[in-house]
Amino acid sequence: MNIKRIRLDHTDSTNHYLQSHKEGNECDADMVAVTAEYQSDGHGQGSNNWESERGKNLLCSLLVRPKGVKAAAQYVLSMGAALSVMDALAAYTADISVKWPNDIYYKDRKICGILITCSLSGAYVTDCICGIGLNINQTCFTSDAPNPISLAQIIAAETDREAVLNRIIEAFKRYLERIDCGDYGFVSSLYKASLYRKDGFHTYRDSHGLFEATIDDVKDNGHLVLKDRTGQRHTYAFKEVTFIIGND
């Protein structure tokens, strides 16, 4: 796989950068990895902003062009991206999991957010941009994010950000090979086995209020299926259900 690296000192968003440059010669590769020392307008899911101290964390976006992935199955790319970050972090610490839909957690605290943007042509995905904000060496967080944590806080040492990125890229290459071969089941099974709160009953909130449930499934379209204590199953799209953690 041909991989191109683009290193920026400052940008509004590495995702925005790739969106505006992906058709040019600069991004003529099987995978393009853009990193920045600082983002002025980095975003998480929805309207959430991503706090990151300059030069401390991994702020990157990966552009890939998967083969034959139908629009209806595009969530498999999100699964692969989340697993890639989890695999990279597993080289440094245990207790890493994927919080649906694609946050990465250390125990009950968020260490990484992932934002996926797919472009479509007809029924197929033409390209996918995976934005990754991974807390590596920052030790003080000042935003109102409820539960951030960094790798430095976990292992009490700083880590080479480039080494972490290399691990993510190598892992993502492996998952993309599976996806390009149509082996979605392999990726999906690993994703479900890696889910935060995959075992036992926990507290959630939906439009009807608080309830306890266990994770039953994640569908191919990314919808989460929870089973409550009565055995009834409830299916949720993103933002339709909230995980209640700690003092939420």
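From which domains does the lining of the second largest pocket draw at least three residues each? In this predicted model, the protein chain is divided into domain 1, spanning residues 3-194, and domain 2, spanning residues 202-243, and the lining of the second largest pocket takes at least three residues from each of these two domains.

The centres of domain 1 and domain 2, computed over C-alpha atoms, lie 25 Å apart, and the contact between the domains involves ten residues of domain 1 together with 14 residues of domain 2. About 950 Å² of area is buried between the two domains, with carbon and sulfur atoms contributing 70% of this area. On the side of domain 1, Tyr75, Trp100 and Lys192 account for 58% of the area buried against domain 2, which is more than any other three residues supply. One salt bridge is counted between domain 1 and domain 2; a salt bridge joins the side chains of Lys192 and Asp217, with an N to O distance of 2.9 Å.

The second largest pocket itself has a volume of about 310 Å³, and of the 16 residues that line this pocket, Tyr75, Ser78, Pro101, Asn221 and Phe238 are the closest to its centre. Two or more lining residues are given by each of helix H2 (75-89) and strand E6 (109-121), and E6 makes the greatest contribution, with four residues. When the lining is sorted by class, eight residues are nonpolar and eight are polar, whereas no charged residues are present.

Terms used. Residues are numbered from 1 along each chain as its sequence is written. This is a predicted model: local features need pLDDT of at least 70, side-chain atom pairs count only at pLDDT 80 or more; totals for chains, interfaces and linings use all residues. Side-chain values use heavy atoms; hydrogens and water are left out. On a 1 Å grid over the protein atoms alone, a cavity is a set of points where a 1.4 Å probe fits but cannot get out, and a pocket is an open set with protein on both sides within 12 Å along at least five of seven lines; lining residues have an atom within 4 Å of a point. Grid points are joined across faces, edges and corners, and a volume is the space filled by probe spheres set on the points. Ala, Val, Leu, Ile, Met, Phe, Trp, Tyr, Cys and Pro count as nonpolar, Asp, Glu, Lys and Arg as charged, and the others, Gly among them, as polar. Domain bounds come from an automatic or database domain assignment. Contact means heavy atoms within 4.5 Å. Buried area is the accessible area (1.4 Å probe) that two parts lose on being put together, summed over both. A salt bridge is a side-chain nitrogen of Lys or Arg within 4 Å of a carboxyl oxygen of Asp or Glu.
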